[in-house]
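Me: I have a model open and a few quick questions. Can you walk me through the fold and the contacts?
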Amino acid sequence: MAEPMKIRTQLNGDVADIRVAMMHIMETGQRKDPRTAEVIPAHYIQQVQATVNGKTVLSAQWGPAVSKNPFLGFRVRGVKAGDKLVVSWEDNKGERNSAEAVVK
Amino acid sequence: MTLTRTLRRTLAAALLAGAGLGAAAAAEVYREHHPRAAIDPAQGAAGDFSGTYGFWKDAAALERHRDWAGSTDPNAWKLNWKYPDLVDSGDVHAGHVAVDEGERFVRRAAAREPGFLACLGEGRNELKGVAAGYPKYDAKLKKLMTVEARVEHCAKAELWDDVRQGSPLNTKIAAYVKSQSAGLPIRVDLSAAPVMAAYRRGEQLFYTKVGQLNFACASCHTPGSIMGHKLRGEVPTTPFGDAAHFPTYRTPVGEVESLHQRFGRCLNQMRAQPLKPGDPAYVDLEVFYTVLSNGYPITVPSIR
Amino acid sequence: MNEVTDVNTQRRTFLRTTAGAGLIAAAAVAGLLKPARVLAAGWDKAAFEAKGVPEALKALGAGAAEPSKQVVIKAPDAAENGAVVPVEVTSQLPNTEAILVLAEKNTTPLVANFELANGAEPYVATRIKMIQSSAVRAVVRAGGKYYSASKEIRVTIGGCGG
């Protein structure tokens with residue numbers, strides 16, 4: 001659960017370009033284990049949220065078709081160097097993770 | 001279970017023997033070989049026999065045909081899958097996460113046991129530029145060393161820790177060590193006799209047909225082979241330049257994998273029994289492949 | 001109402017696991033609860049489990065989405081690997097509030113729903129799985145109305161083999 005996350009920010013004027021790599025299996029629940037022929041239970045991130053200085057800028061809902069080890073890119077206007085960015089997720093099993101970055 | 005395991009061992013032994021390593025058994029195994037292509041090891045990546053080097057040799061070349069990337073253009077294979085490295089400066093993916101994890105392990109271990117960093121750095125407490133000279137011959141250990149083998153060796157020698165090649169941690173640390181040479185041209189030293197000998201053995205392996213499909217690496221990656229043409233919906237590219245971006249985040253697998261793990265997947269697709277990461281045959285093949293990347297800059301972390 | 005329940009559940013779990021940690025734990029609880037509260041906004045089960053594009057859009061209230069050239073999808077024409085298809089969506093529509101991504105021939109087409117707020121530009125990028133060649137559709141909510149665009153992507157290897 002405490003898998004790391006990587007956040008990269010780049011400031012162009014007052015627009016921050018933010019890229020996030022999350023580590024998650026993103027199991028669809030549609031695959032079968034080739035050895036046991038049993039369905040591998042779904043396990044995927046359902047909700048993602050990003051805040052800048054505590055204010056929500058993006059809240060997303062995901063299905064299992066977001067790729068394994070998800071990538072998320074977005075841009076926020078009105079951001080300056082030193083602003084605090086927090087990205088959090090919660091998956092269908094209730095596991096959570098969050099990471100912080102300072103905008104550079 | 002036991003039967004399967006025995007069978008596996010036999011197959012692995014057969015593969016090795018066919019590669020000319022198990023001298024005693026070699027005579028018993030019949031092997032075919034793909035015709036040799038002309039390769040001058042002294043030329044490194046620039047000696048690419050596919051005629052595509054001009055399309056992937058540097059950022060400017062890749063920029064010129066950027067529109068081929070991810071297109072249905074039949075020329076797309078000529079970019080040799082090097083265009084993901086172009087955007088890497090702004091990208092972020094599991095390869096970066098792996099490098100971070102590798103770095104964290106190295107720092108923590110070095111704080112506890114400074115000898116670990118000195119071992120990785122071959123005497124220097126510094127990893128910058130170190131990986132560019134790999135694989136190399138270690139005269140003290142009397143062994144050919146890949147970066148992954150060095151990681152395993154140093155963990156055992158300095159940390160009394162088992163960080164075996166092919167394990168996720170070994171690959172992450174190796175990715176970190178390689179990332180410390182990112183942008184530097186690869187310079188495998190062929191003037192060292194054991195390295196040249198390994199190159200020759202690796203070259204032999206490259207042309208040796210194995211597995212149920214009787215394929216060699218060369219069956220898909222030499223001029224006049226399937227290279228540049230469709231195979232199962234994909235177009236095999238030149239083997240030149242490939243070693244430069246390993247370990248890489250392999251999106252079809254969803255894991256960061258070393259070159260040896262990639263060899264294993266190739267062998268599976270060829271319906272041959274893969275060997276264990278770190279196997280001497282893989283080391284020889286890695287020497288051969290890395291010489292084909294000599295002069296080309298290391299691009300780790302990377303995504304494929 | 002759900003929101004409150006969720007927060008309390010998490011709080012109880014937290015307190016149980018850190019029993020006796022005293023004031024420090026209490027301070028930490030305040031900090032830890034913040035993401036949980038917002039994340040408990042809910043997950044649109046009906047939309048994500050819908051088996052077709054019209055059903056998914058209907059579940060989202062986006063059934064009447066009209067085609068728009070102001071919605072731009074950037075994705076490869078051909079993806080060698082269906083497990084990782086890069087998709088970027090940019091909206092040039094004023095007051096863009098949300099961006100939805102659907103892969104038309106996936107078993108359940110809705111891939112993601114991004115709600116934008118507080119200065120977020122009308123742009124998102126992600127990587128998605130596609131079971132086979134099909135159109136990728138982007139639906140944008142702007143000023144309470146829905147607009148859509150689509151792009152065909154040829155997938156060589158399906159994205160469900162892992």
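Me: What share of the 104 residues in chain A is buried?
Reply: Buried residues make up 45% of the 104 residues in chain A. A residue is buried if 20 or more other C-beta atoms lie within 10 Å of its own, exposed if 12 or fewer, and partly exposed in between, with C-beta atoms placed from the backbone. This is a predicted model: local features need pLDDT of at least 70, side-chain atom pairs count only at pLDDT 80 or more, and totals for chains, interfaces and linings use all residues. Residues are numbered from 1 along each chain as its sequence is written, while chains are lettered from A and ligands numbered from 1 in the order in which they are written.

Me: How many helices and strands in chain A?
Reply: Chain A has 0 helices and 7 strands. Helices (H or I, at least four residues) and strands (E, at least two) are DSSP runs, numbered from the N terminus. The C-alpha trace of chain A spans about 55 × 20 × 20 Å along its principal axes.

Me: Why is E2(A) largely enclosed?
Reply: In chain A, 6 of the 8 residues of strand E2 (residues 15–22) are buried, so it is largely enclosed by the rest of the structure.

Me: Which strands pair with E2(A)?
Reply: Strand E1 (residues 5–12) of chain A pairs with E2(A) in the antiparallel sense over 8 bridges. Strand E5 (residues 71–77) of chain A also pairs with E2(A) in the antiparallel sense, over 7 bridges. Two strands pair if DSSP finds at least two bridges between them.

Me: Which residues are bridge partners there?
Reply: Leu11(A) has Ala16(A) as its bridge partner in E2(A). Ala21(A) has Phe71(A) in E5(A).

Me: And what does Gly13(A) do in the hairpin?
Reply: Gly13(A) takes a positive phi near 65° in the hairpin of E1(A) and E2(A), which has 2 residues between the strands.

Me: Switching to chain B. How far does helix H13 reach?
Reply: Helix H13 (residues 280–291) of chain B has 12 residues and reaches 17 Å from its first C-alpha to its last. That is close to the 16 Å expected at 1.5 Å a residue. The expected span is 1.5 Å times one less than the number of residues.

Me: Is H13(B) mostly covered or mostly exposed?
Reply: Mostly covered: 11 of the 12 residues of H13(B) are buried. Among them are Tyr282(B), Asp284(B), Glu286(B) and Phe288(B).

Me: Last one. How many residues does the contact take from chain B and from chain C?
Reply: Chain B gives 8 residues and chain C gives 12 residues. Two residues are in contact if their C-beta atoms, placed from the backbone, lie within 7 Å.
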